[in-house]
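Please read each point alongside the sequence and the structure.

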Amino acid sequence: MQSRFQGGAAFVRGAFVPIAEASISPLDWAFTRSDAVYDVVHVFEDGFYRLADHLDRFAVSMRTRRLAPPESRAQIEAILHRCVALTGLSDSYVAMVALRGRPRIPGSRKIEDCDNHFMAYAVPWIDVIPKDVQARGAHLWIATKPRVPDASVDPTVKNYQWSDFTSGLFEAQDNGFDSAIVCDDAGFVTEGPGFNVFIVKDGQVRTPDRGSLHGITRKSVLELCGMLGIPAAIAPVRRDELEDADEVFLATTAGGVMPAARINGTILGNDRPGPVSLRIKDAYWQQHRDGTHRTDVIRDA
Ligand code: PLP
């Protein structure tokens, strides 16, 4: 039984299936209109990290986009446990998605004609920046296309509107970079494809106050800075400040704290992860080993 789920387990339309068998309708507005919200939590050595924070944010995302699948929070939580348990994985990337669904009346444009539904899956751990790249320091491209305005697509609602990020990734790959950072049309740094951005300047840490998801890893970083006595703030970061930073690092569930070494043509420090970034990265993983913010995976769920 377990081996069917080794590559990942999904919950779709009320059933648990191997990840390769999970599917949604081509008529689902989640697909045709990116009309969905999601969240991703990770499991480290058999424990979820900050599960309640992810469930809280997911609830706000659903409310904001008027998505109301039938599952309660307790049921969603139980489904996440079960997905992980089915895979047998100790370290896992666990996603929860609320989808608009397809209209009961073909061609309807009425939101209320769609039955919202909930989907979840657990797959083996993912690093959005591969571990070897994290070790040498990521090379980051500043995208030429601006981030979609916050007033149009609320970046604090975790969503699949990734056109601007994907364009940034095209450019990064075309130019031999590992990933991209996207600025808004006023020249302020926002975030990148799947991560928040931090700069370190004169010993102070700063992360953008706009255009970005309120990352749970970002929250951990800010708390850890407080514990480590490193001044840190959520405040505007201009593009030139990014290029002039002493250090830059990225933060996300799927990878943790990920130092950079280059921004466009600029080499940061000695072309390797900087000392402040590494201190925060170490503290972040130490929290995991200590079991801080941990919820044990229920294996017999
Ligand atoms: N920004 C974007 C666009 C993301 O997709 C993500 C995570 O996937 C993040 C930031 C980081 O958020 P978190 O730390 O909660 O994973």
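1. The model is predicted. Helix α3 is followed by G88, and the phi of G88 is positive, near 75°. The helix itself has 15 residues and spans 22 Å between its first and last C-alpha, close to the 21 Å expected at 1.5 Å a residue. Buried positions in α3 include I76, I79, L80, H81 and C83, and V84, A85, L86 and T87 are buried as well.

2. The largest nonpolar core has 23 residues, and F48, F58, L80, V94 and F118 touch the most other members. At least two residues of this core come from each of β3, α2, α3 (73-87), β5 and β6. The most is given by α3, with 5 residues. As a general matter, nonpolar side chains tend to be buried together in soluble globular proteins.

3. Leaving aside neighbours within four places in sequence, F58 is in contact with V37, Y38, D39, I76, M96, V97, A98 and F118. A second, separate core of 20 residues includes I129, C183, V197 and L250.

4. An open sheet of 7 strands is arranged in the order β2-β1-β6-β5-β3-β4-β16, and its pairing is antiparallel. At the edges stand β2 (15-18) and β16 (294-296); each has a single partner strand, so one side of each is left without a neighbour in the sheet. From one strand to the next, the twist averages 25°. Within the sheet, β1 (residues 9-12) pairs with β6 (residues 117-124) in the antiparallel sense over 3 bridges. The bridge partner of A9 in β6 is A122.

5. Just after α8, G291 adopts a positive phi of about 80°.

6. Which residues of strand β8 point one way, and which the other? S179, I181 and C183 point one way, whereas A180 and V182 point the other way, and all are buried. Strand β8 (residues 179-183) is accordingly described as mostly covered, with 5 of its 5 residues buried.

7. Strand β7 (residues 138-142) pairs with β8 in the parallel sense over 3 bridges, and the bridge partner of W141 in β8 is A180. A right-handed β-α-β unit is made by β7, helix α5 (residues 163-174) and β8. With strand β9 (residues 189-192), β8 pairs in the antiparallel sense over 2 bridges, and C183 stands opposite V189 in β9. These two strands, β8 and β9, form a hairpin with 5 residues between them, and G187 in the turn has a positive phi of about 90°.

Technical notes: Residues numbered from 1 in each chain as written. Predicted model: local features only at pLDDT ≥ 70, side-chain atom pairs only at ≥ 80, totals over all residues. Heavy atoms only, no water. Pairing = 2+ DSSP bridges. Helix = DSSP H or I, 4+ residues; strand = E, 2+ residues; numbered from the N terminus. Axes fitted to C-alpha atoms, helices over the stretch in contact; angles between N-to-C directions. Buried < 20%, exposed > 50% of the residue type's maximum accessible area, 1.4 Å probe, protein only. Right-handed = clockwise from strand over helix to strand, strands pointing away. Core = buried A, V, L, I, M, F, W, Y, C linked by side-chain atoms within 4.5 Å. Contact = heavy atoms within 4.5 Å. Expected span 1.5 Å × (residues − 1).
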